[in-house]
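Here are some notes to read with the model open beside you. Have a look around it, then work through the points below.

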Amino acid sequence: MFTLTALELARIQFGFTVSFHIIFPAITIGLASYLAVLEGLWLRKKEQVYIDLYQFWSKIFAVNFAMGVVSGLVMAYEFGTNWSGYSKFAGSVTGPLLTYEVLTAFFLEAGFLGVMLFGRSKVGVGLHYFATIMVAIGTLISATWIIASNSWMQTPQGYEIVNGVVIPVDWIEVIFNPSFPYRLAHMVISAMLATALFVGASGAWHLLRGNRTPTVKKMFSMAMWMLLFTAPLQVLVGDAHGLNTLKHQPAKIAAIEGHWENEPGAGVPLVLFGIPDMENETTHHAVELPHIASLILTHEWNGTIPALKDFPPEDRPNAAILFWTFRVMVCLGMLMTVFALWSVCTRWRGQLYESRALARFALLMGPSGLVAMLAGWYTTEIGRQPWVVYGLMRTKDAVSNHSTMTMSVTLGVLTVMYTCVFGIGIAYMFRLIRQGPIEHDTPPDGDALDQRPARPLSAVRESLKSSVKSH
């Protein structure tokens, strides 16, 4: 680590913490909506399977929500400790947006979370369902404010710069900046997609072990339906997002495509594979499909897009990274679509729960939604470089004046702490998943507890201590 600069270490540290954090809100968004659907179906159909699944996944939700809150706290402090230049320059935009997120989304989630997790035996079914819906809405509102803040950094508008500081002049423009609607839709769908794959993998694991109870079958079936809906939709939203990025951040698209220079009238080929070389300004061993990039990005056979050589070297994103992170995301997205179609064919043949090949593939694809989401975020954030606020402030001007030693030590400490704390939490969550949903002949009595625990982890009866010992 000591061969890296303080700037590089600060970027790695923030990338590490945000990568750890984003996993939990994504699953929280998807599970909150899933729980609302389950309880709604139970109220409508009165079938025990839905409330059994609700009881099961609410435990996973509680653990996941707790880890998401804790992992997010560190990032808020990092803005001030590691990125004081950015905080001074654009804090008048980022600060209020994050405050709105706390005042609206977090308070809404926290206010109804206790009723949702512990109140089934204490309040009426209508009020409990309302609490579940409010928590689900709260997660979506939270995503809206966070994406608005990050999108403004990608496509800033609605501001003036006075004495070297950003001053918001139109909050509507700040929030609804050009990339915001595309990025919000892309993120929410990716959260739903990742959750569907996560739930589907859980169901597949139990099916492969011979557990074919109605709850396991319903869990797997609902996940496959959600996958069929979200995977193709994400392809369409991703295409629209790409066109928006081409308009507002053409250098990012050029780096993603590994495209260095235009040949007049030749169109732009799609580079399937290759090794971008930033120093020599070329992509080695490129495997190309002529005109396809033009067709995808401009919807014209001979359309052109800006090439990396059209930008000064100091303004070019790192194509060597973006080229591959983008392709990881796209390849996984294609596999998800194939998986969804396979599940439909298997369901049509009446073999959805009997096909071990499908179940094995579902288990293999379980983490793919989260991996694709992380690859997408790397593409977005690394592609914005060398700017922290696109076109306004360079990343090197945003970092705090810390020594390399300081950044190395804090990065090492955070790595150890995150690995230990969240490693235990994740292991505990998987322990709960392995136990599987419990079926009841009669409606469960909610928490069956008179106590009123104040912590999300209290929603889970199993002992965390015993979970740690077992691992």
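This is a predicted model: local features need pLDDT of at least 70, side-chain atom pairs count only at pLDDT 80 or more; totals for chains, interfaces and linings use all residues.

1. Numbering starts from 1 along each chain as its sequence is written, and side-chain values use heavy atoms, with hydrogens and water left out.

2. Start with the largest nonpolar core, which has 100 residues. A nonpolar core here is a set of buried Ala, Val, Leu, Ile, Met, Phe, Trp, Tyr and Cys residues joined through side-chain atoms within 4.5 Å; buried means under 20% relative accessible area, exposed over 50%, and partly exposed in between (1.4 Å probe, protein chains only). The members that touch the most others are Tyr 34, Trp 57, Phe 61, Leu 227, Met 336 and Phe 339. Helix H1 (residues 6–45) gives the largest share of this core, 16 residues. Helices (H or I, at least four residues) and strands (E, at least two) are DSSP runs, numbered from the N terminus.

3. Zoom in on Phe 339. Setting aside neighbours within four places in sequence, Phe 339 is in contact (heavy atoms within 4.5 Å) with Leu 197, Met 224, Leu 227, Leu 358, Phe 361, Ala 362 and Met 365. Another core lies apart from the largest one; it has 15 residues, among them Leu 246, Ala 254, Ala 293 and Ile 382.

4. Next, the second largest pocket, with a volume of about 1,200 Å³. On a 1 Å grid over the protein atoms alone, a pocket is an open set of points where a 1.4 Å probe fits, with protein on both sides within 12 Å along at least five of seven lines, and lining residues have an atom within 4 Å of a point. Grid points are joined across faces, edges and corners, and the volume is the space filled by probe spheres set on the points.

5. Who lines that pocket? There are 47 lining residues, and Gly 238, Asp 239, Phe 326, Met 329 and Val 330 are the closest to its centre. H7 supplies the largest share of the lining, ten residues. By class, the lining has 23 nonpolar, 19 polar and five charged residues. Ala, Val, Leu, Ile, Met, Phe, Trp, Tyr, Cys and Pro count as nonpolar, Asp, Glu, Lys and Arg as charged, and the others, Gly among them, as polar.

6. Gly 138 is worth a click. This glycine lies in helix H4 and counts as buried because its relative accessibility is 0%. Gly 138 touches Ala 105, Leu 108 and Glu 109, not counting residues up to four places away in sequence.

7. How many disulfides are there? With a disulfide taken as a pair of cysteine sulfur atoms within 2.5 Å, the count is zero. Cys 331 is partly exposed, at 40% relative accessibility.

8. Most residues other than glycine have a negative phi, and most peptide bonds are trans. Lys 46, in the loop between H1 and helix H2 (48–81), has a positive phi near 60° and is exposed at 54%. His 291 has a positive phi too, near 70°, but is buried at 16%. The bond from Gln 385 to Pro 386 is cis, with omega near 10°.
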